[in-house]
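Below is a briefing on one protein chain, written for someone setting up calculations on it.

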Amino acid sequence: MKYLTLFVILPVLFSQTVRAEFIFEQAFQYEIDWNYGAITLDVGDFNNDGYPDLAIPLYHYDTAGGHSNLLIMQGNADCTFDEYTTGPFCYPLGSITVNDFNNDGNSDLLIGEGWAWAMSTSLYERDTVHVFEGNGDGTFTELNTLIVENVWVTSGDLNGDGNCDLVTSDVNDGKNLNDSVLVKLGNGDFTFQPATSYNIPSGILHTAQILGDMDLDGNNDIGLISEGFSDITFLYGNGDGTFQSAEVVADHYANMAHSFLGVGDFNEDGMPDMIATGGDPMTVTSEVLIWNAAESFYEPEDSLECAGNWVEIEDFNMDGHLDAALSTYVGGYVFPGNGNGHFPSCWSSDSLLLKTSNDTYGVLSEDFDLDGDQDLIFIEDQSPHYYVRCYRNTTLTQGCAEEAENAVSSDLTFSVSPNPFSSSAVIEVSGSHSVNTSIQIFDVSGRLITELEPVTDQGDFLWDGKSSSGIEMPSGIYAVKCCSGNAVSSSMVLKLE
């Protein structure tokens, strides 16, 4: 689950010009016991203090995760964490998804036993998902198990009923059948409806992702990468928890070990694009794929020149263009976007926003220090230990320092009311730089939803919860960006049904 802090509405001012040097600095590291490794992780607020926390399954080297621990890291709102482990467990812990599965306001965990070993083609398909109820104080109670085949698990509300649903990938190993995506709709009480299976016609499936609204019809869609000289396939959602038959939307070569899709409007034409990773150092490089409306297909526009696995898409340097954080077997990278679908080479260190030195696996972006910009967590393999490292984003610090040096200031502020909202929200702008102001609304993938016009002489704005094309946007968290000249302020707003 993507954790976003709603209670902190801090208008922030920054310079639109960011220096070429790395904008990230290492703020924290945690060394994992050498008997254990870590690949996957997810984020949520486990103790209800408003600060983002981490949950990381730990596997033991002598089995495919047969002796496992669960590492919980509680955030201190300054890019540091306090840790404790729970376990050991006599069963493997594979991929993890965090959500509120019983609608009690606490973050819960679903952890599948399925496993895909990085750097090889070994898949460990399992039929069990473990349910951990969050107690709201940072601890968890294991309730029961779900019988559903899985190599990968993820979750989200697929039918708009307010309950979290479960999506798993199933490789049908040795069954001489097509691989499939399984969807189990949630009842809001840790129980789920029977699984609906969607066949994937080509390749060997590993991950399955809820990508958001890829065809701009207001419904969540599912995407996946198949292994080998194969395809990127979408299951387009119907809005009621059912999906259309698998549709190939792009050609892409990938190894099955941890290849992912990162979604954003990279060429800023209003349509969602993708970065597709390769999953293995021997594969071709990760690709930037741009939607070709005439062909109804994604076409390669650029290459990041490194075979990555996990990918996170954010405007890290806050210049108005989406950037890409990529974990690879030769380091973690943050590539700045320029708004035309192109990114610098991974060999162009002077153009990157971050480059680490070690093999990296799971990566998460979140505002861990609550200062308004997006920080990063990388899991790094620095033999013989794994490390959890947090990199603080210094964009706002750099921007404020630059402004102070040039004696530039502004009192541009705005407020969103009500927040959360259901039908409409009023955005009131104030300050000496509030004339000629623009308001833009973005979804959590960074895609521009709409740009608002003032509705009063005082410069107030109204968002009716719809896109620029008039489509009602689903419940969720949206970013509001207020711009006036070089002054920029931003905050989050929650839309409810």
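The side chains of Asp 369 and Arg 392 meet in a salt bridge, 3.7 Å from N to O; a salt bridge here is a side-chain nitrogen of Lys or Arg within 4 Å of a carboxyl oxygen of Asp or Glu. The two residues are 23 positions apart, Asp 369 in the loop between E29 and strand E30 (375-382) and Arg 392 in strand E31. The model is predicted: local features need pLDDT of at least 70, side-chain atom pairs count only at pLDDT 80 or more, and totals for chains, interfaces and linings use all residues. Residues are numbered from 1 along each chain as its sequence is written, and side-chain values use heavy atoms, with hydrogens and water left out.

**Salt bridges**

- The count by this rule is four salt bridges.
- Arg 392 also forms a salt bridge with Glu 25, where the closest N and O atoms are 2.9 Å apart. This pair links distant parts of the chain, since Arg 392 lies in strand E31 and Glu 25 in strand E1, 367 residues apart.
- Salt bridges that share partners join Glu 25, Asp 369 and Arg 392 into one network.
- Asp 369 is buried at 14% relative accessible area, whereas Arg 392 is partly exposed at 23% and Glu 25 is partly exposed at 36%. Buried means under 20% relative accessible area, exposed over 50%, and partly exposed in between, with a 1.4 Å probe and protein chains only.
- Arg 389 forms a salt bridge with Glu 380, with the closest N and O atoms 2.9 Å apart. Both Arg 389 and Glu 380 are buried.
- As background, side chains of opposite charge can pair when their charged atoms come close.

**Strands and sheets**

- The chain has one helix and 38 strands. Helices (H or I, at least four residues) and strands (E, at least two) are DSSP runs, numbered from the N terminus.
- Four strands form an open sheet in the order E1-E31-E30-E29, with antiparallel pairing. Strand E1 (24-32) and strand E29 (359-366) stand at the edges with a single partner strand each, so one side of each has no neighbour in the sheet. From one strand to the next the twist averages 20°, with axes taken as lines fitted to C-alpha atoms and angles running from 0 to 180 degrees between N-to-C directions.
- E1 pairs with strand E31 (residues 385-393) in the antiparallel sense over eight bridges; two strands pair if DSSP finds at least two bridges between them. Ile 32 has Tyr 386 in E31 as its bridge partner.
- Strand E17 (residues 205-212) has seven of its eight residues buried, so the rest of the structure largely encloses it.
- E17 pairs with strand E18 (residues 221-226) in the antiparallel sense over five bridges. The bridge partner of Gln 209 in E18 is Gly 223.

**Whole chain and surface**

- Of the 497 residues in the chain, 59% are buried.
- Among contacts in the chain with a separation of 6 or more, 53% are between residues 24 or more positions apart. Contact means heavy atoms within 4.5 Å.
- The chain exposes about 18500 Å², of which carbon and sulfur atoms supply 48%. Accessible areas come from the Shrake-Rupley method with a 1.4 Å probe, and for residues only the protein chains shown count as cover.
- Val 426, Val 455 and Leu 462 form a nonpolar surface patch with about 230 Å² of accessible area together. Patches are made of residues with over 30% relative accessible area and no salt bridge, with like charges joined within 9 Å and nonpolar side chains (Val, Leu, Ile, Met, Phe, Trp, Tyr) within 5 Å.
- Val 426 lies in strand E33 (residues 425-430) and is partly exposed, with 33% relative accessible area.

**Backbone details**

- A cis peptide bond joins Ser 417 and Pro 418, with omega about -10°. The bond from Asn 419 to Pro 420 is also cis, with omega near 10°.
- Pro 418 is in the loop between strand E32 (413-417) and E33, and Pro 420 is in the loop between E32 and E33.
- Ala 77 is not a glycine but has a positive phi of about 65°. Ala 77 sits in the loop between strand E5 (68-75) and strand E6 (81-89) and is buried at 19% relative accessibility.
- Phe 190, not a glycine either, has a positive phi of about 75°. Phe 190 is in the loop between strand E15 (179-184) and strand E16 (196-200) and is buried, with 8% relative accessible area.
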